[in-house]
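Hi everyone, thanks for making time. Let me put the structure up, and then we can walk through a few parts of it together.

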Amino acid sequence: MDQIKPGNPAPDFTLPGSGENRISLSDYRGRIVVLFFYPKDDTSGCTAEAISFSGLKAGFDALGATVIGLSPDSVKSHDRFRAKHELTVDLASDEEKEVLQAYGVWVQKSMYGRKYMGVERTTVLIDRSGTIVRVWNKVKVPGHAAEVLEAVKALG
């Protein structure tokens with residue numbers, strides 16, 4: 001996870017977003033960006049997290065911040081997920097897992113003694129110049145989006 005330390009430049013990416021849209025980190029230079037990496041669309045924790053960020057979207061917008069959710073799910077899955085839960089944040093699809101690996105969030109996990117690769121729920125706060133300001137690892141969902149909003153406010 002060396003690449004996602006505060007003070008380092010955020011790895012750039014271009015990924016498919018909703019419908020035909022492409023999401024490029026470089027397009028947001030000059031804005032604060034919140035990237036939240038999550039394991040899977042429409043699971044309980046991921047749904048709660050995406051709904052929380054969507055519920056605070058107006059607050060992030062008012063501070064000049066863009067919120068982008070990123071998972072290895074397909075665009076089609078993201079589109080269903082957004083529609084089902086009326087999500088307002090952008091979702092990017094990283095089916096090849098290149099961005100997940102660049103940010104160090106595609107990791108070996110273990111459940112019931114079985115090891116597998118998956119996304120470690122992580123949020124990265126990037127300042128207007130494209131520098132990582134803060135990283136939340138192994139995120140616990142309750143209250144997290146509000147905590148991130150407070151960190152964005154602190155950036156000014």
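Let's begin with a pair of side chains: Lys-84 forms a salt bridge with Asp-42, and their closest N and O atoms are 2.9 Å apart. Lys-84 sits in helix 3 and Asp-42 in the loop between strand 3 and helix 1, so the pair ties together parts that are 42 residues apart in sequence. For the record, a salt bridge here is a side-chain nitrogen of Lys or Arg within 4 Å of a carboxyl oxygen of Asp or Glu. Helices (H or I, at least four residues) and strands (E, at least two) are DSSP runs, numbered from the N terminus.

A word on where this comes from. This is a predicted model, where local features need pLDDT of at least 70 and side-chain atom pairs count only at pLDDT 80 or more, while totals for chains, interfaces and linings use all residues. Residues are numbered from 1 along each chain as its sequence is written, and side-chain values use heavy atoms, with hydrogens and water left out.

Back to our pair. Lys-84 counts as exposed at 56% relative accessibility, whereas Asp-42 is partly exposed at 37%. The cut-offs are these: buried is under 20% relative accessible area, exposed is over 50%, and partly exposed is in between, with a 1.4 Å probe and protein chains only.

How many salt bridges does a search of the whole structure find? Six, and I'd like to show you two others. One joins the side chains of Arg-121 and Glu-49, at 2.8 Å from N to O. This pair also links distant parts of the chain, with Arg-121 in the loop between strand 7 (114–119) and strand 8 (122–126), and Glu-49 in helix 1, 72 residues apart. Are these two buried or exposed? Arg-121 is buried, with a relative accessible area of 15%, and Glu-49 is buried at 1%.

The other is between Asp-61 and Lys-57, at 2.9 Å, N to O. Both residues lie in helix 2 (residues 57–62), four residues apart, or about one turn of the helix. Asp-61 is partly exposed at 37% relative accessibility, and so is Lys-57, at 27%.

Now let's return to helix 3, residues 75–85. Its buried residues are Val-75, Ser-77, His-78, Phe-81 and Arg-82. What do the buried residues of helix 3 pack against? Their partners are strand 1 (14–16), helix 1 (44–55), strand 4 (65–71) and strand 5 (90–93), where contact means heavy atoms within 4.5 Å. Just after helix 3, Glu-86 takes a positive phi of about 50°.

One more stop, for those of you who like loops. Asp-27 is placed in the loop between strand 2 (22–24) and strand 3 (32–37). With 58% relative accessibility, Asp-27 counts as exposed. Its C-alpha atom is separated by 9.9 Å from that of Phe-13, which is 14 residues away along the chain.

That's my tour, so please jump in with comments.
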